[in-house]
Amino acid sequence: MFRILVAGGYGLVGARIVRTLRTAGHAVEIVVGGRRPEEGAALAREWDARVVALDTDHPEDGLTEAGPVDLVVAAVQDPDDRLLRAALLSGAGHLGIVRKADTVGRTAITAAALARRPALIMGHWQAGAATFAALAGAREFHRVERVELAALFDAADPAGPMATADSGAFFGRALLRRDGRWLEVEEKREIRGVERAGAPDFAAQPMGVLDVPAVAALTGAPDVRFDIGLGESAGTLAGGPASHEIFADLRGVDDRGRPVARRTVVSDPLGQAHLTAVGAVIGVERILGLDGAPPMAAGVAFPESVIDPARALDRLRAFGVDVTTVPLAPLAA
């Protein structure tokens with residue numbers, strides 16, 4: 001039986017990962033780690049897990065207490081890669097969901113040097129949901145010319161205040177691709193409007209998330225960007241709990257050279273934390289081979305290279321996430 005340590009496992013996202021692992025029905029042992037283990041006791045009892053004290057600044061003791069671990073899922077900030085390094089040196093695999101394009105280099109180098117098991121970097125938006133939507137949609141194109149990704153923050157989502165408090169880690173100079181060139185831009189100078197059918201448009205500004213280089217690499221599109229905006233989600237507008245929406249707009253040509261454009265909308269009625277948790281569990285399943293395919297080989301990897309995007313969208317749907325594709329107006333000739 002695989003033993004999985006969820007670092008930060010009783011935080012908002014970490015607790016969702018624990019619950020989602022259990023509801024997925026996998027026969028795994030779950031260990032919940034954090035600085036204040038007493039806060040995770042109730043969660044551990046509810047979801048048949050064990051709790052250990054884990055300080056990400058000095059993670060070695062927590063890893064030892066957890067016992068031989070097959071995989072560490074890091075649902076915490078690890079800016080100096082201390083948990084990553086300790087996990088890999090212990091012989092465990094590692095899955096991290098907190099990383100941006102401007103900080104991924106040092107993480108990838110550390111993982112490549114030390115990994116004796118898989119090290120999967122899933123710092124993409126909501127653990128890859130936006131990238132999966134874009135790459136699945138791109139399969140319907142002969143050539144993709146533009147990819148515009150957007151996510152909608154809803155202030156009523158419990159993850160909204162958390163993300164706002166951590167905004168310094170998210171915002172700064174953003175990365176985008178324009179006319180085949182990489183640009184670092186000031187986000188407030190690149191605001192765009194995102195249209196929604198049957199709902200108010202919202203203004204969004206770019207971010208330097210891993211989805212941008214991932215989608216650019218696999219589609220070859222010369223124009224790729226990811227933007228985030230604030231507004232009322234579909235759930236709030238319907239009078240219910242806040243949902244989280246991702247919009248993946250692709251424009252290009254089909255195999256006859258005709259303009260084509262499509263939008264894929266990923267909407268999680270349970271909000272951002274749940275969507276991130278499902279994405280992380282999709283990564284866990286791929287690393288350990290719980291998806292029916294052989295387990296991943298040792299070494300550093302990114303989700304766009306090892307996870308089939310269509311299967312990932314099907315997995316999102318299985319956990320109650322709505323995924324729909326609609327036509328858009330193509331680019332003007």
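How are helices H11 and H13 oriented to each other: parallel, antiparallel, perpendicular or oblique? In this predicted model, H11 (residues 272–288) and H13 (residues 309–318) pack at an angle of about 130°, and their axes lie 10 Å apart. Angles of 65 to 115 degrees count as roughly perpendicular and those over 145 as roughly antiparallel; H11 and H13 are therefore oblique to each other. Their crossing is right-handed.

On the H11 side, the contact is formed by Leu275, Val278, Ile282 and Glu285, which meet Arg311, Ala312, Arg315 and Leu316 of H13. By class, this contact of H11 with H13 comprises five nonpolar and three charged residues, with no polar ones.

One cavity of 30 Å³ or more is counted.

| Space | Volume | Lining residues | Nearest the centre |
|---|---|---|---|
| Largest cavity | about 120 Å³ | 14 residues | His94, Gly96, Val98, Arg99 and Thr107 |
| Second largest pocket | about 400 Å³ | 21 residues | Glu195, Arg196, Ala197, Phe247 and Arg263 |

The lining of the largest cavity divides into seven nonpolar, four polar and three charged residues. For the second largest pocket, the lining consists of ten nonpolar, three polar and eight charged residues.

Several elements each supply at least two residues to the lining of the second largest pocket: strands S10 (192–196), S13 (244–253), S14 (259–268) and S16 (322–327), together with helix H10 (234–237). Strand S10 gives the most to this lining, with five residues.

Methods. Residues are numbered from 1 along each chain as its sequence is written. This is a predicted model: local features need pLDDT of at least 70, side-chain atom pairs count only at pLDDT 80 or more; totals for chains, interfaces and linings use all residues. Side-chain values use heavy atoms; hydrogens and water are left out. On a 1 Å grid over the protein atoms alone, a cavity is a set of points where a 1.4 Å probe fits but cannot get out, and a pocket is an open set with protein on both sides within 12 Å along at least five of seven lines; lining residues have an atom within 4 Å of a point. Grid points are joined across faces, edges and corners, and a volume is the space filled by probe spheres set on the points. Ala, Val, Leu, Ile, Met, Phe, Trp, Tyr, Cys and Pro count as nonpolar, Asp, Glu, Lys and Arg as charged, and the others, Gly among them, as polar. Axes are lines fitted to C-alpha atoms, for helices over the stretch in contact, and angles run from 0 to 180 degrees between N-to-C directions. Helices (H or I, at least four residues) and strands (E, at least two) are DSSP runs, numbered from the N terminus. Angles under 35 degrees count as roughly parallel, over 145 as roughly antiparallel, 65 to 115 as roughly perpendicular and the rest as oblique. A crossing is left-handed if the near helix is turned anticlockwise from the far one by less than a right angle, and right-handed if clockwise. Contact means heavy atoms within 4.5 Å.
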